[in-house]
Amino acid sequence: MDNNSTATGFADTKRHYAILDGLRGVAALLVVAFHLFEAHAASRFEQIINHGYLAVDFFFVLSGFVIGYAYDDRWRSMSTMEFFQRRLIRLHPMIVIAMLIGAGMFYFQTSPIFPKIQDTPLWLMLVVMVIGMTLLPVGAALDIRGWGEMHPLNGPGWSLFYEYVANILYALFVRKFSKLVLGVCVFIAGAVLLHYCVTGPNGDVIGGWSLEPAQLRIGLTRLLYPFFAGLLLSRVVTPGRYQHAFLLCSAIIIVVLAMPRIGGPSDLWQNGLYDALCITLIFPLVVYLGASGDVRTAMGTKVCGFLGAISYPLYIIHYPFVYTYTAWVAKGKVPLAQALPVTIATFLLCVIVAYLCLRFYDIPLRNWLSQRLRRKGLQPALA
């Protein structure tokens, strides 16, 4: 996830795509709802907001587009190290606090659904927390929850891990690719994605959060096409001018993510094909339409600004609250109808905590880091 906010302290004179920020926020809100409802789903076939997991793939398309737009023409005046500094300042402060939140709530999540928590000593949890703050993944030996996650204190860290992989690939290699070479990469990655979606064991792209070989394959498959496609889109397409783009694109995102599961256990390929079509066609189209619209009212500017600002903090901090909610549901076998007030309260709490982290931690820290590096002559402002 990426948001080139001027709050980082760097000077950016390019047009800012406010609608894309707003769409990122819409998708982040749906992810939170998806994960909360997931606590009540008996299987992937019964999930409410069934395709909420596709928000991650949408984020990767957005990231590729924004990275290409923001940085492709700056490499004559920007070193690779400066690029990495900017990306670390943008992304890493929230990773640190997200792991702190995950650690602080860890022992409140003890339940049969998380079998290893009650047997995890404090020192081991703290070790996992420190490693998580670096975003380095952990394997089975440090799986202190029992879900096989590479970031057991805050599961969505897996997608930020792949975001870092994408940034490294871009800075070292992909930024130098011609449009033709990048287009070939997009085609190959798209073919791999389509093949996995329609032939995979589950009929969807869910996965990527573990260091197991099968999960690593899913993670890379989910990363490469969306990121490459977004990057190529930023290079070859000139945005048009469309009215009501935010409302239209928001509606598309909501419908796509809320779509019920397609097909059943005997027709897994049908849902896989839906996933593939969303990632390869619909998401790039939404990014194009979003980049082609303007926010023309003060209210629209505020809405898109707020949604864009909280999107990344909300995404990266919400899952410890989901763990806790899921443990509560599992221990009491609470049905959704009975749990709904707590569901809504948890959702709102995630939004509030995300805003507080943004306002009183993320923005001030990013500003301080940016100014400190500039004073040392390590990070000039980029025009």
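## Helix packing and selected residues

Let's start with a helix pair: α5 and α7 sit oblique to each other. Oblique is whatever remains once angles under 35 degrees are called roughly parallel, over 145 roughly antiparallel and 65 to 115 roughly perpendicular. Helix α5 spans residues 157–172, helix α7 spans residues 213–236, and the two pack at an angle of about 50° with their axes 10 Å apart. The axes are lines fitted to C-alpha atoms, for helices over the stretch in contact, and the angles run from 0 to 180 degrees between N-to-C directions.

A word on the ground rules: this is a predicted model, where local features need pLDDT of at least 70 and side-chain atom pairs count only at pLDDT 80 or more, while totals for chains, interfaces and linings use all residues. Residues are numbered from 1 along each chain as its sequence is written, and side-chain values use heavy atoms, with hydrogens and water left out.

**The α5/α7 pair**

On the α5 side, the contact (heavy atoms within 4.5 Å) uses Trp158, Tyr162, Val165, Ala166, Leu169 and Tyr170. From α7 come Gln215, Leu216, Gly219, Leu220, Arg222, Leu223, Leu224, Phe227, Leu231 and Arg235. Sorted by type, the residues in this α5/α7 contact are 12 nonpolar, two polar and two charged. Here Ala, Val, Leu, Ile, Met, Phe, Trp, Tyr, Cys and Pro count as nonpolar, Asp, Glu, Lys and Arg as charged, and the others, Gly among them, as polar.

**Zooming out**

An unreviewed UniProt entry annotates residues 19–354 as "domain: Acyltransferase"; such annotations may be inferred rather than shown by experiment. Helices (H or I, at least four residues) and strands (E, at least two) are DSSP runs, numbered from the N terminus.

**Two other helix pairs**

Helix α1 (residues 18–38) pairs with helix α12 (residues 336–375): their axes come within 10 Å and cross at roughly 145°. This crossing of α1 and α12 is right-handed. In α1 the residues involved are Leu29, Val32, Ala33, Leu36 and Phe37, and they meet Leu336, Thr343, Thr346, Phe347, Cys350 and Val351 of α12. By type, the α1/α12 contact holds nine nonpolar and two polar residues, and no charged ones.

Next up is helix α8 (residues 245–258) with α9, whose axes come within 10 Å and cross at roughly 165°. α8 is therefore roughly antiparallel to α9, and the crossing is left-handed. α8 brings Ala245, Leu248, Cys249, Ile252, Ile253, Val255, Val256 and Leu257 up against Tyr274, Cys278, Ile282, Phe283, Val286, Leu289 and Gly290 of α9. The tally for α8 with α9 is 14 nonpolar, one polar and no charged.

**Individual residues**

For accessibility, buried means under 20% relative accessible area and exposed over 50%, with partly exposed in between (1.4 Å probe, protein chains only).

| Residue | Relative accessibility | Class |
|---|---|---|
| Ser292 | 0% | buried |
| Ile49 | 13% | buried |
| Leu124 | 17% | buried |
| Gly300 | 19% | buried |
| His244 | 58% | exposed |

Ser292 is in the loop between α9 (268–291) and α10. Ignoring neighbours within four places in sequence, Ser292 is in contact with Pro239, Gly240, Arg241 and Tyr242. Gly300 belongs to helix α10 (residues 298–317). Its C-alpha is 8.8 Å from that of Phe246, although Gly300 and Phe246 are 54 residues apart in sequence.

Leu124 is part of helix α4 (residues 122–134). Leu124 and Leu142 are 18 residues apart in sequence, with 8.0 Å between their C-alpha atoms. Leaving out residues up to four places away in sequence, Leu124 touches Leu142 and Ile144.

Finally, some backbone angles for anyone checking torsions. Most residues other than glycine have a negative phi. Ile49, though not a glycine, has a positive phi of about 50°, and this residue lies in the loop between α1 and α2 (55–71). His244, also not a glycine, has a positive phi of about 55° and sits in the loop between α7 and α8.

Note on methods: A crossing is left-handed if the near helix is turned anticlockwise from the far one by less than a right angle, and right-handed if clockwise.
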